[in-house]
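Please read these notes with the structure open.

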Amino acid sequence: METARVLVAADKFKGSLTAVQVAERVTAGLRRVVPEVRVETLPVADGGDGTVVAAVAAGFERREARVTGPLGDPVTAAYALRGTTAVVEMAEASGLQHLPAGVFAPLTATTYGSGELLAAALDAGARTIVFGVGGSATTDGGAGMLAALGARFLDADGKPVGPGGGGLAELAEADLSGLDPRLAEVDLILASDVDNPLTGPKGAPEVYGRQKGATEQDIATLDAALTHYASLLGPDHAALPGAGAAGGIGYGALVALGARFRPGIEIMLDVLGFAPALARATLVITGEGSLDEQTLHGKAPAGVAAAARAAGIEVVAVCGRLALSPEALTAAGISRAYALADLEPDPAVSMAQAGPLLERASEALARDFLL
């Protein structure tokens, strides 16, 4: 029997293992059962947090820049560069991870640093920028990002409005004439796993505001402020898929930077070189921390499974927790899923012991699919 060639293309297990660590643990488990198995690892991400790490694992160079964090303090943010292609992750500059524990700023958190990070990629010679958006602490419609790139947002007195989505209520003039001219020559791809519009019942404030600390009053304030902002910049773009991504930074990129939206996992698989790796594989292992209903809507494992199924290659999954029926897995192109929760039902213990548990799950997977 020919030695199996396994491609491990899994996302992170949020809160316990990075995508790189997932790949390492799966490989160790497989080799304990089938020492001669050939394993290729390609950590994946869907545009949210972990996207730069996945790009670096695929051979991009890690670069860093000092930028403005969501609360206005300086933070160090990373992006990835290979040739003239950059992978920029807005969460690196403007993400929830930059907020102190228990501290939120739903009305004033800014995406200014994300604009500075895009400028750093331009300075490094990027001509194609994959802009991964997700995990944001912000709901400012990308106004901070645009201001960092040369736009001006002024109140009735001709003064700059305050930071964050709350300040946009005072917006009287949006002047985009000073935007960095290099942006016109760049292919900017908005990579996101959400297709929400900017405002309304499915918009950024209503759907994502609470996880950023917004009260019901804050949500109403932000929705009205973003509606006003869009009326000045371009209301038609507000309904486009992805406009509501990452607190509306998607809208700013679409309306003012000429970005084009692509599902995050689709573009990331292209950038990471998934197709040639897939062509070398006889089995694909994907996964993420929680395989659930959300997985089916543009998350990394669904994208990996769809591409592998199209190529006629079997896919199995590993996860921390499984909340999908066997029928839903089959419909997504996944033959079977191995959950850490089956080995350790206590979620806290399962997360703390995720590495060793994942090796055990991978041993079972190897016995079922590789022997």
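The numbered points below go through these in turn.

1. This is a predicted model, in which local features need pLDDT of at least 70 and side-chain atom pairs count only at pLDDT 80 or more, while totals for chains, interfaces and linings use all residues. Residues are numbered from 1 along each chain as its sequence is written, and side-chain values use heavy atoms, with hydrogens and water left out.

2. Helices (H or I, at least four residues) and strands (E, at least two) are DSSP runs, numbered from the N terminus. Just after α9, G258 has a positive phi of about 70°.

3. V87 sits in strand β5 (residues 85-89). V87 counts as buried because its relative accessibility is 0%. Leaving out residues up to four places away in sequence, V87 touches T51, V52, A55, F60, Y79, A80, V130 and V271 (contact: heavy atoms within 4.5 Å).

4. Pockets are found on a 1 Å grid over the protein atoms alone, as open sets of points where a 1.4 Å probe fits, with protein on both sides within 12 Å along at least five of seven lines; lining residues have an atom within 4 Å of a point. The largest pocket is lined by 45 residues, with K14, D193, E288, Q294 and K299 nearest its centre. Helix α9 is among the elements that each supply at least two residues of this lining.

5. The second largest pocket has 17 lining residues; G144, A147, V161, G162 and P163 lie nearest its centre. Elements giving two or more residues to that lining are α5 (143-148) and β7 (152-154).

Methods. Buried means under 20% relative accessible area, exposed over 50%, partly exposed in between (1.4 Å probe, protein chains only).
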